[in-house]
Amino acid sequence: MSVTSARCSDRTGSRHDFRERGYLFIANTLLGVAELREPLPLYERLKVPAEMVGRVEIAELVPRMRVDDLAGGRFCGRDGYGDPLVALAGFAASAQLAGVTFREGIGVEALLREGDRVTGVRTTAGDVRAERVLVATGCWTSALCATASVAVPIWPYRRSIMESGPIPQLADIPLTIEWESGFHFRPKGKAQRFAMPNLTADGTEEKGPAGAPSAYPGEYAPLEVPASLEPWVLARAAWRHPAFADLRIVDSWSCYYEMTPDDHPVVGAVPGVAGLYVAAGFSGHGFMHAPATAQLVVEEMLDGRARTIDIADLSLERFQTGRRPFKATVL
Ligand SMILES: Cc1cc2nc3c(=O)[nH]c(=O)nc-3n(C[C@H](O)[C@H](O)[C@H](O)COP(=O)(O)OP(=O)(O)OC[C@H]3O[C@@H](n4cnc5c(N)ncnc54)[C@H](O)[C@@H]3O)c2cc1C
């Protein structure tokens with residue numbers, strides 16, 4: 001994440017609790033270390049100060065954490081974590097001050113399309129005519145775009161979060177991510193927040209979906225935390241850090257990741273339908289990508305092309321033509 005709280009406050013006039021404590025990826029295997037090393041040339045080009053770290057550095061970053069099973073890791077001190085709802089409230093408030101009107105509690109039932117252009121939306125409160133429509137409806141994007149005969153391969157994938165009581169000695173650690181399992185934890189106030197892979201019926205850890213559904217939008221699994229997850233988290237956490245030995249989970253919930261076939265979002269103009277734009281399908285990365293996405297999609301909507309960086313690879317076109325510019329990777 002490169003948007004610091006100071007810049008967010010400057011832009012929105014509101015507070016943001018971004019904590020620049022770093023992301024620490026840890027790997028059990030040499031293959032995992034090699035995968036963590038792979039993007040370093042890209043990071044260097046983009047001046048992202050990520051570096052490979054060994055057991056000694058890892059133990060300094062998260063004191064008393066088990067490191068004897070690790071082959072290495074990668075750390076970037078400029079990364080961090082924040083509260084999406086606080087950020088959202090700030091963005092919304094500053095947009096309202098700039099003249100934006102929000103209509104809450106109204107559903108969009110269909111996109112209105114005449115020939116090769118979009119003309120507005122049909123809502124539960126009537127039609128709204130518009131020359132340009134941006135669909136940013138997360139895992140529901142596929143269903144909404146289908147109303148304009150546009151196929152968007154985005155589907156819901158349930159993921160869960162758990163929170164423990166206070167663990168003051170770990171209140172300042174980086175977000176720590178086990179590369180192979182996908183298990184990760186970080187402080188949330190004095191408490192710890194845990195995220196985990198899904199477990200398949202045979203107990204296999206599943207960091208991301210095994211495959212795309214045969215039809216979109218696909219199945220919406222019930223938003224209940226699967227019973228198998230808590231014992232898995234307790235065991236995994238206790239293995240990783242002695243402070244988690246007597247962990248008590250006090251809260252847990254499930255939500256949907258919005259998956260695409262290559263785990264990367266669809267952003268930009270929809271080919272063949274003038275005035276229609278999509279920004280959706282961010283899997284587990286939509287909060288951190290939100291400010292950049294907003295900037296880029298607005299450039300494309302107003303100027304015909306994103307100017308800050310080229311986002312052609314994020315176009316829906318890649319799924320229409322079979323072009324695959326990205327290697328799938330999801331946390
Ligand atoms: C467990 C979990 C952990 C995550 N951790 C991280 C993380 O650490 N970092 C990170 O960057 N990201 C993370 N994410 C991902 C991030 O939360 C999402 O990528 C992001 O919220 C997507 O934002 P969005 O605005 O595109 O979609 P959403 O947040 O899904 O918003 C879409 C909105 O559209 C509305 N909507 C849908 N259809 C209609 C309709 N027809 N009419 C009207 N309204 C409609 C929905 O009600 C919703 O409010 C996590 C996600 C999960 C589930």
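Figure 1. A nitrogen atom of the ligand lies 2.9 Å from a backbone N or O atom of glycine 284. The model is predicted, so local features are reported only at pLDDT of at least 70 and side-chain atom pairs only at pLDDT 80 or more, whereas totals for chains, interfaces and linings use all residues. Residues are numbered from 1 along each chain as its sequence is written, and side-chain values use heavy atoms, with hydrogens and water left out. A backbone N or O atom of methionine 288 is 2.8 Å from an oxygen atom of the ligand. Serine 283 has a polar backbone atom 3.3 Å from an oxygen atom of the ligand. A polar contact is a pair of N or O atoms within 3.5 Å; within protein, one must be able to donate a hydrogen and the other to accept it, and residues adjacent in sequence count only if both atoms are side-chain atoms.

**Figure 2. The shell around the ligand.** The ligand is surrounded by 20 residues, the closest being Val108, Gly284, Gly286, Phe287 and Met288; a residue is near a molecule if one of its heavy atoms lies within 4 Å of it. Eleven of the shell residues are nonpolar, seven polar and two charged. In this scheme Ala, Val, Leu, Ile, Met, Phe, Trp, Tyr, Cys and Pro are nonpolar, Asp, Glu, Lys and Arg are charged, and the others, Gly among them, are polar. Strand E14 contributes the most, with four residues. Helices (H or I, at least four residues) and strands (E, at least two) are DSSP runs, numbered from the N terminus.

**Figure 3. The ligand and the two domains.** Because domain 1 (5-84 + 168-258) and domain 2 (107-154 + 262-321) both give residues to the shell, the ligand lies between them. The domain bounds come from an automatic or database domain assignment. The centres of domain 1 and domain 2, taken over C-alpha atoms, are 29 Å apart. Twelve residues of domain 1 and 15 residues of domain 2 take part in the contact, where contact means heavy atoms within 4.5 Å.

**Figure 4. The surroundings of threonine 308.** Threonine 308 is located in the loop between H8 and helix H9 (317-321). Leaving aside neighbours within four places in sequence, threonine 308 is in contact with Gln295, Leu296 and Glu299. The side chains of threonine 308 and glutamate 299 make a polar contact (2.4 Å). Alanine 292 is 16 residues from threonine 308 along the chain, and their C-alpha atoms are separated by 9.3 Å.
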